[in-house]
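User: Can you walk me through reading a sheet and then some ring contacts? I'd like the general idea, then the case at hand.

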Amino acid sequence: MPCDWPQLGPRQWATYVNKELQVTAGEETPELTGWLLTVDPVSASLVLVSFGAGGSVQVVMGHAVRQVQVLRDADTATAQRLRSLFPPPAAGEPDPRRRARVRRWLESNRMPVEERGEQLRVAGALTLAPPYGPDDCSGANPIVLERVRKLLEGLPRQEVAAAAASCPPANPKLASDAVLGEPVFWD
């Protein structure tokens, strides 16, 4: 059906999720076929997944969508497979290494810390819950709360070297990376 895809809105887009679609985008682009995983609510972009040879994930920009045709609904196995592609982050699984690192950091800054299960009790005035960040503090004393939040914001990151290694190369004309086995040149 021809449509004004971006104007449909989230409620209508949700009716297309977990369905195999044939999408016509742009004037020169061939028709794309895949299972609709999600729709970006801001740009109306579609995320199509294909399970064929090697599999693929395609993002179709919402403004370019000219026509959407539903080919079929997902059966139970396909719907489960789609959900398992990008599982939500595990909630409630605190990292004991991070807890220990935060505790050492607070203690090195002269803050008394006690462990109470998965939570940290700081200065007897506030509780720090997993994942132990500045927004995970709760307590009635605003002075202690603000000081601990500032300390947590200044927590040295051990991941800085790992993060720098995952950034695009400094000279994009000479270096390349691979994504899903395909070379990618950073522009």
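User: What order do the strands take in the open sheet, and how do they pair?

Analyst: Strands of a sheet pair through backbone hydrogen bonds, either parallel or antiparallel. Here, 4 strands make an open sheet ordered E6-E7-E8-E9, with antiparallel pairing. Strands are DSSP runs of E, at least two residues, and helices are runs of H or I, at least four, numbered from the N terminus; two strands pair if DSSP finds at least two bridges between them. The edges are strand E6 (113–116) and strand E9 (137–139), each pairing on one side only. From one strand to the next, the twist averages 25°. This is a predicted model, where local features need pLDDT of at least 70 and side-chain atom pairs count only at pLDDT 80 or more, while totals for chains, interfaces and linings use all residues. Residues are numbered from 1 along each chain as its sequence is written, and side-chain values use heavy atoms, leaving out hydrogens and water.

User: How many bridges join E8 to E9?

Analyst: Strand E8 (residues 126–128) is joined to E9 by 3 bridges. Thr127 stands opposite Ser138 in E9.

User: And the rings: how many aromatic pairs are there?

Analyst: Rings of Phe, Tyr and Trp (its six-membered ring) pair if their centres lie within 6.5 Å; planes under 30 degrees apart count as stacked, over 60 as edge-to-face and the rest as tilted. The whole structure has 2 such pairs. Trp5 and Tyr16 have ring centres 5.2 Å apart and planes at 70°, so they're edge-to-face. Trp5, Trp13 and Tyr16 form one aromatic cluster.

Note on methods: Axes are lines fitted to C-alpha atoms, for helices over the stretch in contact, and angles run from 0 to 180 degrees between N-to-C directions.
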